Amino acid sequence: MSSSLPDFLLETQAAVRSQMRDGALYEELVFAGIVMEHMSEIGMTFEPVECHFEGTVGNAMLRLSGYSIADDGDQLDLFVSLYAGVDVPTSIPDADTKMAAERCLRFLTLCAEGKMTQKIDPSSEVRSLADTLQATYNDLEQIRVYVITDRVAKSKSFKTRDIGGKAVRLEVMDIERLHRHTSEGKPRDELVVNFNEVSGSPLPCVYVPGENDDYDYAMTAVPGEALRLLYEKFGARLLEANVRSFLSVKGKGVNAGIQSTLRSAPERFMAYNNGIVIVADEMLLGKTAHGAEGIAWLKGLQIVNGGQTTASLYFTKKKHPNTDLSRVRVPAKIIVMKAQDSTKEEALVSDISRFANSQNAVSQSDLSANKPFHVEIEKLSRSVYCPDGVGQWFYERAAGSYNTLLAREGTTPGKLKALKDAIPAARRVTKTDLAKYLNAWNRKPDIVSMGSQKNFDRFMASLSPADGQDASLPTVADFKAMIAKAKIYREAQKLLRPMFQAFQANVTAYTVAVLSEKLGARINLDLIWAKQAISAELLSQIASWSKEVNEALHSTSGGRMVSEWAKRPECKDAVMGASYSEHADDIPEVKAA
C-alpha cells in the first residue's frame with residue numbers, strides 16, 4: 001500500500017522538521033539534503049554535497065543548494081532548492097522553477113568562465129567549488145541542473161542549454177516526482193516515442209500477445225540513432241525505473257567494450273550486445289515499409305535494463321562525432337503492461353527491473369542485506385523497546401521494509417497512526433546510516449567522507465575477521481549502544497548544518513570522530529539510550545569542537561576542495577592530530593575519569 005501524495009508530503013515535511021534544531025530557519029537546507037540523498041540512493045546522482053550559496057554578481061542573481069561530482073570527474077550535477085514548507089500539495093509556476101534553474105546556470109557559467117573565483121571571498125566555503133569547476137569544466141561530459149521543490153511543478157524538465165560548449169540538462173525534482181520514486185510509482189508517464197518520426201517507419205518486430213492479464217511482449221531491434229535521440233530528449237528519466245540507473249560513462253569495463261564496438265565495428269553491435277529491456281504502458285502496431293507488422297509508437301516507456309548501452313550510444317557520439325550509428329542495431333525486449341491495479345503493476349515493473357539486472361553488479365549494501373549481522377540487528381530492533389515501553393527504533397535491513405511494515409500492519413487509520421507514533425520515520429535507521437554512524441564513532445571520518453556506499457563496503461569488510469570466521473552477533477547492549485551513537489551523530493548533524501555554508505557532512509563526521517577520540521571511553525551511552533536524547537551541554541561541546549574541526553579541515557586542505565581532501569588518510573591524520581580546546585566539565589554524559 002503506497003501512501004497518497006498528500007500523505008507523502010506530510011511525511012516528508014515531518015522528516016524535515018525532525019532534523020531541525022528548535023528555532024533554526026534552515027528547513028530549505030534540510031529538505032535539499034533529504035532529496036539529494038534520496039537521489040543518490042536510487043542511482044540518479046553521485047555522492048551529494050550540501051553547499052548553500054545565494055548572492056549577486058553585477059545584476060545577476062545566483063543560487064546553489066548543493067552539488068555532486070562523479071568519482072571520475074566527468075559528470076556534474078548542481079542542485080537548487082525551492083522550499084515552501086507546504087502541508088498540502090501546492091502547484092509552483094514554471095516561471096519560478098525556470099528562474100531558479102537560471103540562477104544556478106549563472107553560477108555555473110561564471111565558474112566555467114573563471115569569473116566566479118574573482119567574486120567570492122577566498123575564505124568562502126563556495127570558493128573551492130568554483131575553483132574546481134573552473135579547472136575541470138572542459139573535462140565534463142555530462143552536466144545536469146536539478147531544481148528540487150516540495151511543491152508540484154507542471155514541467156519536469158526544460159530545454160537543454162549550451163554553457164561554454166557543454167550541453168546542460170535542466171530537470172525538476174518536485175514532490176510529485178519524488179513521491180513516484182519513493183512509492184514505486186510511474187516516473188515513465190510522460191515518455192512517448194513515435195518510431196515513424198525517429199526511425200522513418202515502424203520497427204519490424206515479433207509480437208506475442210500475453211497469455212495472462214499482466215503484459216504483452218515484443219522483440220525488435222532498435223536503431224542506435226533512435227536510442228541516442230531518445231536519451232538526448234529524455235536523459236536519465238528513461239532509466240528511472242531501473243534499479244541500477246546508469247551513471248558513469250568513463251571507458252571502463254563494460255562501457256569500454258561498448259564504446260570500442262560502436263567506433264570500430266558498429267555493424268557487429270547487435271551480435272556482441274546483450275540488448276535492452278523496455279517496459280511500456282501502451283504500444284501501437286503499424287506496417288513497416290515492407291508490409292510487415294511493426295511497432296509504430298510506445299507510450300510510458302522505461303529502459304529497465306540496458307542503461308549502459310543507451311547512455312553510451314549518446315556519449316560516444318557526443319565525444320566522437322564521427323561515430324556512425326546508422327549501422328548500429330540494438331536488440332530489445334519490450335514488455336507492454338496491461339491495465340491493472342497500480343500497486344500490482346508497479347510491483348511487476350520492479351521485479352522485471354530487478355531480474356533483468358540480476359546478472360549485473362549490484363550494491364554491496366543490497367548484497368549484504370542477509371548477512372547475519374544485519375539480520376540480528378533487525379531482530380533486535382523489533383524486540384527491544386525504548387525506555388517508555390512503547391516506542392521502538394526500526395532497522396531497515398532491506399530497502400523499503402519500513403513502508404512495507406506500515407502497509408502490512410497499519411490496516412486502518414487508527415492502527416497506522418499508532419504505528420507511526422510508536423515507530424516514527426525519525427527512528428528509522430538504514431544499513432548505510434548505521435555504517436556511517438559507527439565508522440565515524442570508530443574514528444574513521446575519512447572513510448565516512450567517501451560516501452555512503454564506499455563507507456558501507458569498508459564497514460562490512462571490517463566486520464569480517466582475518467581468519468574468515470563470522471563476526472560475533474550484536475547483543476541487546478550492543479544495539480542500545482549503536483542507537484546512542486546514532487543519536488549523537490544525528491543530533492550533531494542537526495546542530496551543525498546551519499553553522500556551516502558547505503561541507504557540513506565532512507565537518508559532522510570529523511567532529512564525531514574527535515568527540516569519540518577525546519571522550520569516547522567516558523561517554524555514558526546507557527544514559528543517552530535511557531533519555532533518548534543528548535544534553536545541551538554535550539551539544540555545546542560538539543558545536544565548539546566543530547568550529548575547530550572546520551578550521552583544521554580548511555587550513556590543511558592546501559586549496560583542495562574540502563569534500564575531496566576529507567576522504568584522504570592524510571587529512572584524517574592532520575585533523576585528528578590537531579590541537580583542540582579542553583572539554584567542558586559539566587557534561588552529564590561524561591563519566592568521571
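1. The model contains eight aromatic pairs, where rings of Phe, Tyr and Trp (its six-membered ring) pair if their centres lie within 6.5 Å; planes under 30 degrees apart are called stacked, over 60 edge-to-face, and the rest tilted. This is a predicted model, in which local features need pLDDT of at least 70, side-chain atom pairs count only at pLDDT 80 or more, and totals for chains, interfaces and linings use all residues. Residues are numbered from 1 along each chain as its sequence is written, and side-chain values use heavy atoms, with hydrogens and water left out.

2. One of the pairs is Tyr-231 with Tyr-314: the ring centres are 5.3 Å apart and the planes stand at 45°, so the pair is tilted. Tyr-231 belongs to helix α8 (residues 224-234) and Tyr-314 to helix α11 (residues 307-319), 83 residues apart; helices (H or I, at least four residues) and strands (E, at least two) are DSSP runs, numbered from the N terminus.

3. Tyr-231 is buried at 2% relative accessibility, and Tyr-314 is buried at 9%. Buried means under 20% relative accessible area, exposed over 50%, and partly exposed in between (1.4 Å probe, protein chains only).

4. Arg-169 lies over the face of Tyr-314, 5.4 Å from the ring centre. The criterion is NZ of Lys or CZ of Arg within 6 Å of the ring centre and within 35 degrees of the ring normal.

5. Tyr-437 and Tyr-489 also form a tilted pair, with centres 5.2 Å apart and planes at 40°. The pair links helix α17 (residues 431-441), which holds Tyr-437, to helix α20 (residues 476-496), which holds Tyr-489. Tyr-437 is buried at 3% relative accessible area, as is Tyr-489 at 2%.
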